[in-house]
Amino acid sequence: MGTLSVNLCGIEIDNPIIPASGTFGYGYEFAELYDINMLGTFSFKGTTKDPRFGNPTSRIAECTAGMINAVGLQNPGVEKVISEELPKMSKVFHKKVMANVSGFAVEDYAYTCQKLDACPEVGWLEVNVSCPNVHGGGMSFGTDPSAAAEVTKAVKAVTTKPVIVKLSPNVTDIVAIAKACEEAGADGISLINTMLGMRIDLKTRKPIIANKMGGFSGPAIFPVAVRMVYQVAHAVNIPVIGMGGVSSAEDVIEMMLAGATAVEVGAANLVEPYACRNIINDLPKAMEKYGINNLRDIIKGVK
């Protein structure tokens, strides 16, 4: 069997498969279905400084080869995540977890990241400057290189663990933003978050989602994600986590050839709860099929 392990920002993980934030909760629901310790790690539900109820319903719209969501970062706030969710999670997941953080001001990001950085369960901080589902924060930081760099610097100043900045595809120059984050001290880049999408109900002639627009994800965005991962991975000297429409072992290999060190799986978890387990189980066979002995050897395999 080939070697599946990779090194993500200085931390060895058994394989590159990481359930994406917002699609895996805090892990314990999935732990009732299979042993989630088989995962490389997972990125838990996006956390903000203060509790958030999220956006009004309806929040979900189906699309061809995908879905639109506008949940709006619903979460109990960082204090309760630390006091209630992480202890519960640690009973079923015995590896380092990735903490996904969002905010509405630079100070929010710094506060939340500093709190989570002190938690022994946390291995990486995934700083989300790319959420399209909230107003006055999230994506507004990720569409401007200087704003993304400002968040990165503020978080790096108060943390010791690897900081991975999650970028939005809803920009004209993804490379400029990635390079700005690298120069500001980011230890890694993850991309892409959802694209901005909309559906209209033909009967009511109103948007299906109460927020009008939301994050479009699923297999339909995979080619866009591969393109952006390729562009960023060949422009920066820090690890890249690829995501966006990944649903098979072959997709993982394609992402890694484009330049990803690890691969997050998002919407597929909502369609098939065993998606990540199945991908991990299928990877050795796919590696054998394409003559791959060690996944590390194929990272940035396409020039």
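Helices (H or I, at least four residues) and strands (E, at least two) are DSSP runs, numbered from the N terminus. Residues are numbered from 1 along each chain as its sequence is written, and side-chain values use heavy atoms, with hydrogens and water left out. This is a predicted model, where local features need pLDDT of at least 70, side-chain atom pairs count only at pLDDT 80 or more, and totals for chains, interfaces and linings use all residues.

**View 1. Confidence along the chain.** The average pLDDT of the protein (the predictor's confidence in each residue, from 0 to 100) is 93. A score of at least 70 is reached by 97% of the residues. Look with care at residues 132-138, where pLDDT stays under 50. For this stretch the model has 29 contacts (heavy atoms within 4.5 Å) beyond four places in sequence.

**View 2. The seven-stranded sheet.** Follow the order E3-E15-E14-E9-E8-E7-E6 and you have walked across an open sheet with parallel pairing; two strands pair if DSSP finds at least two bridges between them. At the edges are E3 (17-19) and E6 (97-101), each pairing on one side only. On average, neighbouring strands are turned by 30 degrees against each other, direction ignored. Zoom in on E3 and E15 (residues 262-265), and you meet a parallel pair with three bridges. Here Pro19 stands opposite Val265 in E15.

**View 3. Helices H8 and H10.** H8 (residues 249-258) and H10 (residues 275-289) have axes that come within 8 Å and cross at roughly 70 degrees. Axes are lines fitted to C-alpha atoms, for helices over the stretch in contact, and angles run from 0 to 180 degrees between N-to-C directions. The angle makes H8 roughly perpendicular to H10; under 35 degrees counts as roughly parallel, over 145 as roughly antiparallel, 65 to 115 as roughly perpendicular and the rest as oblique. From H8, Ala249, Glu250, Val252 and Ile253 meet Ile279, Asp282, Leu283, Ala286 and Met287 of H10. Seven of the residues in the contact of H8 with H10 are nonpolar, none polar and two charged; Ala, Val, Leu, Ile, Met, Phe, Trp, Tyr, Cys and Pro count as nonpolar, Asp, Glu, Lys and Arg as charged, and the others, Gly among them, as polar.

View 4. H6 (residues 174-183) packs with H7 (residues 222-233) at about 45 degrees, their axes 9 Å apart, which makes H6 oblique to H7. Ile174, Val175 and Ala178 of H6 meet Met228, Gln231 and Val232 of H7. By class, this contact has five nonpolar, one polar and no charged residues. The axes of H5 (residues 145-156) and H6 come within 8 Å and cross at roughly 30 degrees, so H5 is roughly parallel to H6. Pro145, Ala148, Ala149 and Thr152 of H5 make the contact with Ala176, Ile177, Ala180 and Cys181 of H6.

**View 5. Backbone details to spot.** A cis peptide bond runs from Thr57 to Ser58, with omega near 10 degrees; Ser58 is in the loop between H1 (28-31) and E4 (60-63). Leu191 and Ile192 are also joined by a cis peptide bond, with omega about 10 degrees. Lys212, not a glycine, has a positive phi of about 75 degrees. For Lys300, phi is near 60 degrees, and this residue lies in the segment after H10.
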